[in-house]
Structure formats: C-alpha cells, structure tokens
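I'm opening my notebook to look up a handful of spots in this structure. I'll jot down what I find as I go.

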Amino acid sequence: MNSIVLEYRLYKNELSFEPLYHYTSLGLDEVLARRECEFFVKDGMTYKQRSSALEGEQYFLIYVDRYTEGLVDKHETTDIKVEIRTLDDRFDNPMLEAYYVDRHLDALAMIGSQYLYVAGKEYERDSAETDEDRGVYVIYVTPTGYTLEEST
C-alpha cells in the first residue's frame, strides 16, 4: 500500500498553483478531518479552502486562497484538541467548550456534524478550521435557540 500524502496548494488561477505544504506522515483520518475544514492556519496565515482533490489512491490535495494574516501563535502539542466557538468576531469568537479526543476520526465526527450540542443547547455549524499553529481543530457555530429537553 502506498503512503498517504497531503499537499496544500495555493490557487493562482485555473492553470496555475503553488505548492505550500507537503505532508507524508499523516494518517488517513487526519487527512480527511483536515479536508473537511474550510480554513487552515499555519505560520500566522489563514487560508480558505477552495477545493480538494484526490490524485491516484493516496495523494490528497487541498487548494486554498490566502484569507487573513495574523500573529503566529505556536503551541507544540501531540494532543488532539477540538474547540467549539461561537461565531462572533466582535468578541473574538468566544469558546463554548474544548474537547480532547483520542483519534482524528473522533474530531472528524464532530467537524462533520451540522448540529452540535453544548450544555444542552443546540448550535449550527458554520465552518471549521485546522489551526496547525495552535495544534487544534476549531468549529465555529451559531446558536439555534433550541434547548434539549431533560429526559426523565
């Protein structure tokens, strides 16, 4: 079996792109979780996913555009952390909850969900990002106003 490769490419135009980052040591679950995220943060630059592709059986591509640039906030970690944040730029997207999961597949299960529940309240997923600088997946949500009923 061939090894899995993930490459981020900066989209220039329909005929041109620039290779940005190349990974050969990621598992399939991490590649799929990253591909499900609309945003990617590395070295202080936030990229927005334009599209993704699979070349051959194990060569994954994510095409991105530059989105915003900010400060580099590096954190070395081997933990898999998922943050759920309310989408509200006025208040720096306040964190609702943070989870540590055992596998990227567990993170993918959360990232791929349209609705998430935190403290009995329902939130709708807006977008997600892989923040490689901080070593975290971030899911941005908005409240639906629905509250789970207590079961007896």
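**Entry 1: a loop residue.** I began with D43, which I found in the loop between β3 (39-42) and β4. Strands here are DSSP runs of E with at least two residues, helices are runs of H or I with at least four, and both are numbered from the N terminus. D43 has a positive phi of about 55°, although D43 is not a glycine. I noted D43 as partly exposed because its relative accessibility is 40%. The cut-offs are under 20% relative accessible area for buried, over 50% for exposed, and partly exposed in between, with a 1.4 Å probe and protein chains only.

Before going on, I wrote down what I'm working with. This is a predicted model, where local features need pLDDT of at least 70 and side-chain atom pairs count only at pLDDT 80 or more, while totals for chains, interfaces and linings use all residues. Residues are numbered from 1 along each chain as its sequence is written, and side-chain values use heavy atoms, with hydrogens and water left out.

**Entry 2: another positive phi.** I looked up D92 too, in the loop between β6 and β7 (95-101). Its phi is near 60°, again a positive value in a residue other than glycine. Is D92 buried or exposed? I put D92 down as exposed, because its relative accessibility is 62%.

**Entry 3: T46.** Next I went to strand β4 (residues 45-55), where T46 sits. T46 counts as buried, because its relative accessibility is 14%. Then I listed its contacts (heavy atoms within 4.5 Å). Skipping neighbours within four places in sequence, T46 is in contact with F39, F40, V41, D65, R66, Y67 and T68.

Entry 4: How do α1 and α2 sit relative to each other? I checked helix α1 (residues 28-36) against α2: their axes come within 8 Å and cross at roughly 25°. That makes α1 roughly parallel to α2. For the record, axes are lines fitted to C-alpha atoms, for helices over the stretch in contact, with angles from 0 to 180 degrees between N-to-C directions. Under 35 degrees counts as roughly parallel, over 145 as roughly antiparallel, 65 to 115 as roughly perpendicular, and the rest as oblique. The crossing of α1 past α2 is left-handed, meaning the near helix is turned anticlockwise from the far one by less than a right angle (clockwise would be right-handed). On the α1 side I noted D29, E30, L32, A33 and E36, which meet H104, L105, L108 and I111 in α2.

**Entry 5: the cores.** A nonpolar core is a set of buried Ala, Val, Leu, Ile, Met, Phe, Trp, Tyr and Cys residues joined through side-chain atoms within 4.5 Å. The largest one has 17 residues, and V82, A107, I111, Y137 and I139 have the most contacts inside it. Two or more residues come from each of β6 (80-86), α2 (104-111), β8 (115-118), β9 and β10 (136-147). Which element gives the most to this core? It's α2, with four residues.

**Entry 6: strand β9.** R125 lies in β9 (residues 121-131). I was curious about this arginine, and R125 turns out to be buried, because its relative accessible area is 12%. Its side chain reaches the backbone oxygen of E36 at 3.3 Å. Setting aside neighbours within four places, R125 is in contact with E36, E38, I111, S113, Q114, I139, Y140 and V141.

A128 is in strand β9 as well, and A128 is buried, because its relative accessible area is 0%. F39 is 89 residues from A128 along the chain, yet their C-alpha atoms are separated by 6.3 Å. Not counting residues up to four places away, A128 touches C37, E38, F39, I111, V138 and I139.

**Entry 7: T144.** My last stop was T144 in strand β10. T144 counts as partly exposed, because its relative accessibility is 34%. Its side chain makes a polar contact with the side chain of E122 (2.8 Å). A polar contact is a pair of N or O atoms within 3.5 Å; within protein, one must be able to donate a hydrogen and the other to accept it, and residues adjacent in sequence count only if both atoms are side-chain atoms. The T144 side chain also reaches the backbone nitrogen of Y146 at 3.1 Å.
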